Every structure is written in structure tokens, then in C-alpha cells.
Amino acid sequence: MEIREYLEPIADIFRNFGTPEPIVHWGHPLMMAIVVFVMGSFVGFTGWRRRVVTDEAIAVESASNHRKMAPFMFLFMALGYTGGILSLVMQEQQMFESPHFWTGSAVLSLLATNGFISLTKFGGNQAVLRTTHAYLGSIALCIMFVHAVLGLRLGLAI
């Protein structure tokens, strides 16, 4: 059974809400733009700020803000990923053919890996895992921006 067959009944529920087409079409991009550009930038900024500032008080505050916001960003990314897939199904579009789908999958994978690294407390505070975490997060953020461009192109093409 194809994944679309599992998702179609869920998409039908949302179709029956009578949601206006512009919201079905542009709701996911608008909400995810906020997550990517606002939360993603904040999480990336605070994470790197914690690593590079020399003022210990600022470093501690940045680390705290990063730790508080990053899980919510991941949660909203995962929910947005699900919403994006359902939006494609509702609009009768293919998912696996879109580079936007694949960049979204890559971002979630990188963020999940980063979350796991942080949950291990960086393997007992290993410098190499802290550095890996910083660069994986930065790569994920760069892919998020590419993802946004691909999503805009996809939205304009549908």
C-alpha cells in the first residue's frame, strides 16, 4: 500500500472543514516561514553566540535561550512537515518527486540527530560532539533557507 493511501483519509477530514483554497495552498508556507526565519535564526544565533562570546553571563544566557527554544523549533518543524505533506495530498500533488520534500526530510533528520546529541549531554561534554552539534545545526539552517526557496517555487507552480 502506498503512503498516499494512508494519508488520503486524513486529508479528506481536512478537506471537509471547508478551508478556503488560499489557506490550504499558502498556510503551510506562511507558518513555516515564521518557524524557519524567526525561530531558526534565533536558535542558530543563540547557539553560536554561546560558543563565541567571551562574556560568561552572555554565554550562559545564550545557552539557556538556545536550550529553551530549540525543542520548540523542532516540534514546530515536525508538525509543519506533517502539515506540508497533508497539504500536498489535499492538493493532489506528488510528494516524493519534490526537492522541497527531500530538503524538509533532510532538515528534520539533521535536527533529530542534533537533538539526540544534546540529549546525551554531548556524550559527557565532549568538545567534538559540541562542535558536531554546532555545524550540523548550521547545515540544517542553511538547508532550511534552500527549503524555503524550493517551497516558494513549488507553491507558485501548483
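## Around Met144

Let's start inside the protein. Leaving aside its neighbours within four places in sequence, Met144 is in contact with Val36, Met73, Met77, Val107 and Leu111. Keep in mind that this is a predicted model, so read these contacts as part of a prediction.

Met144 also belongs to the largest nonpolar core, which has 17 residues. Within that core, the residues that touch the most other members are Val35, Met73, Met77, Leu111, Ala140 and Met144. Four helices each supply at least two residues of this core: α2 (21-52), α3 (56-90), α4 (99-119) and α6 (127-157). Apart from it lies another core, this one of 10 residues, including Ala11, Leu86, Met95 and Phe101.

## The overall fold

Stepping back, the secondary structure of the chain comes to 6 helices and 0 strands. Reading from the N terminus, you get α-α-α-α-α-α. Along the principal axes, the C-alpha atoms fill a box of roughly 55 × 30 × 25 Å.

What share of the contacts with a separation of 6 or more comes from residues 24 or more positions apart? For this chain, the figure is 73%.

## His25

Now for a histidine. His25 is found in helix α2. Is His25 buried or exposed? His25 has a relative accessible area of 8%, and buried means under 20%, so His25 counts as buried.

Which residues is His25 in contact with, leaving aside its neighbours within four places in sequence? They are Gln91, Gly155 and Ile158.

## Surface and charge

Of the 158 residues in the chain, 34% count as buried. The accessible surface comes to about 9,600 Å², and 70% of that belongs to carbon and sulfur atoms.

As for charge, the chain has 10 positive and 10 negative side chains. The centres of the two sets lie 17 Å apart.

## How confident is the prediction?

The chain averages a pLDDT of 93, and 99% of the residues score at least 70. Among the elements, helix α1 (residues 3-15) has the lowest mean pLDDT, at 88. The highest belongs to α4, at 96.

Note on methods. Residues are numbered from 1 along each chain as its sequence is written. This is a predicted model: local features need pLDDT of at least 70, side-chain atom pairs count only at pLDDT 80 or more; totals for chains, interfaces and linings use all residues. Side-chain values use heavy atoms; hydrogens and water are left out. A nonpolar core is a set of buried Ala, Val, Leu, Ile, Met, Phe, Trp, Tyr and Cys residues joined through side-chain atoms within 4.5 Å. Buried means under 20% relative accessible area, exposed over 50%, partly exposed in between (1.4 Å probe, protein chains only). Contact means heavy atoms within 4.5 Å. Accessible areas come from the Shrake-Rupley method with a 1.4 Å probe; for residues, only the protein chains shown count as cover. Lys and Arg count as positive and Asp and Glu as negative; His and the chain ends are not counted. The place of a charge is taken as NZ of Lys, CZ of Arg, CG of Asp or CD of Glu. pLDDT is the predictor's confidence in each residue, from 0 to 100.
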